Amino acid sequence: MTLLAKENGMKNCNASENQTMCRILLIACATALAVAFTVALPQPAHADDVTPPPVPANIEVPAGNTAFLEGHGKGTQNYICLPSGTGVKFILFTPQATLFNDDDEQVTTHYFSPNLNPINPVEIIGMIRVTWQHSQDTSTVWAKAIESYSNLGFVARGDIPLLLLQMVGAQKGPTGGDTLSETTFIQRLNTSGGAAPSTGCTSPTDVGKQAFEPYTADYIFYKEDSN
């Protein structure tokens, strides 16, 4: 599985193949949602002016979009050892993180979940996608990774790569909150840690082993420019 495939989640759980992976992803979604709703009530999170840092060209957001929200993510990249090709490999089954603003107030939770409101016409409802849910108004955005960058100079060895993600689904919160529902693109920047371990998944006897790798990253959310 490629890096972008890992981040996209990618298998529709109605498909006949990869049922084991789908069950793992759904369990992970339930766990992440449980964590999101059992934390203390979040502090109000305000979208301030955001100035994105310089990034590699392929991670740049297309013109016509403006950064409106930034969150500093802290959590884990969660892997499970599964058969892969002729051997076995650690496969990402979900990130599990919380994003905070500069005042250390909670902004969003971050995990994999089924896309409940596809926007792209080719997107299938229920497709497992990387997800952010706003901690105050519970608006949600689902996205897929479209570009990745891991060259030294921006990313150190052992760190997960930088990503550019495009929105593929969004919905407002139950009371009409729309902080994240207008998102068009998301950048994952300034990554530290989170890469799959190089040991612990080397033989069929390791299948099922899990690894929770701590990481931090900055996430910048964009929306279309106002006319």
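This is a predicted model: local features need pLDDT of at least 70, side-chain atom pairs count only at pLDDT 80 or more; totals for chains, interfaces and linings use all residues.

Trainee: With which residue does Cys201 form a disulfide?

Mentor: In general, a disulfide is a covalent bond between the sulfur atoms of two cysteines. Here the partner of Cys201 is Cys81, and their sulfur atoms lie 2.1 Å apart. Cys81 belongs to strand β1 (residues 65-84), whereas Cys201 sits in the loop between β7 and β8, so the bond ties together parts that are 120 residues apart in sequence. The structure holds 1 disulfide.

Trainee: Is Cys81 buried or exposed, and what is the handedness of the disulfide?

Mentor: Cys81 is buried, its relative accessible area being 0%. As for the handedness, the torsion about the S-S bond of Cys81 and Cys201 is about 75 degrees, so the disulfide is right-handed.

Trainee: Turning to the overall layout, how many helices and strands does the protein have?

Mentor: There are 2 helices and 8 strands. In sequence order the pattern reads α-α-β-β-β-β-β-β-β-β.

Trainee: How are the strands arranged?

Mentor: The general idea is that strands of a sheet pair through backbone hydrogen bonds, either parallel or antiparallel. In this model, 8 strands form a closed barrel with antiparallel pairing, in the order β1-β2-β3-β4-β5-β6-β7-β8. From one strand to the next, the twist averages 35 degrees.

Trainee: Which residues touch the most other members of the largest nonpolar core?

Mentor: In soluble globular proteins, nonpolar side chains tend to be buried together. The largest nonpolar core here has 29 residues, and those touching the most other members are Trp132, Val141, Leu165, Ile186, Tyr219 and Phe221. At least two residues of this core come from each of β1, β2 (87-100), β3 (106-114), β4 (128-134), β5 (140-149), β6 (162-171) and β8. Apart from it lies another core, of 13 residues, including Val50, Ala67, Tyr149 and Tyr222.

Trainee: Which residues does Val141 touch?

Mentor: Leaving aside residues up to four places away in sequence, Val141 touches Thr131, Trp132, Met167, Ile186 and Phe221, among others. On the scale of the whole protein, residues 24 or more positions apart account for 68% of the contacts with a separation of 6 or more. Of the 227 residues, 48% count as buried.

Trainee: What should I look for in the backbone angles?

Mentor: Most residues other than glycine have a negative phi, and most peptide bonds are trans. Asp104 has a positive phi of about 65 degrees although it is not a glycine. Asp104 lies in the loop between β2 and β3, and at 52% relative accessibility it counts as exposed. Asn190 likewise has a positive phi, near 50 degrees, but its place is in strand β7.

Trainee: Is Ile124 buried or partly exposed?

Mentor: Ile124 is partly exposed, with a relative accessible area of 41%. Ile124 is found in the loop between β3 and β4. Its C-alpha atom is separated by 9.7 Å from that of Val168, 44 residues apart along the chain.

Trainee: Finally, what average pLDDT does the protein have?

Mentor: The average pLDDT is 85, and 78% of the residues score at least 70. Over residues 14-18 the pLDDT is below 50, and this stretch has 2 contacts in the model beyond near neighbours in sequence. Residues 29-47 also stay under 50, and for them the model has 26 contacts beyond four places in sequence.

Methods:
Residues are numbered from 1 along each chain as its sequence is written. Side-chain values use heavy atoms; hydrogens and water are left out. Two strands pair if DSSP finds at least two bridges between them. Helices (H or I, at least four residues) and strands (E, at least two) are DSSP runs, numbered from the N terminus. Axes are lines fitted to C-alpha atoms, for helices over the stretch in contact, and angles run from 0 to 180 degrees between N-to-C directions. A disulfide is a pair of cysteine sulfur atoms within 2.5 Å. Buried means under 20% relative accessible area, exposed over 50%, partly exposed in between (1.4 Å probe, protein chains only). A nonpolar core is a set of buried Ala, Val, Leu, Ile, Met, Phe, Trp, Tyr and Cys residues joined through side-chain atoms within 4.5 Å. Contact means heavy atoms within 4.5 Å. pLDDT is the predictor's confidence in each residue, from 0 to 100.
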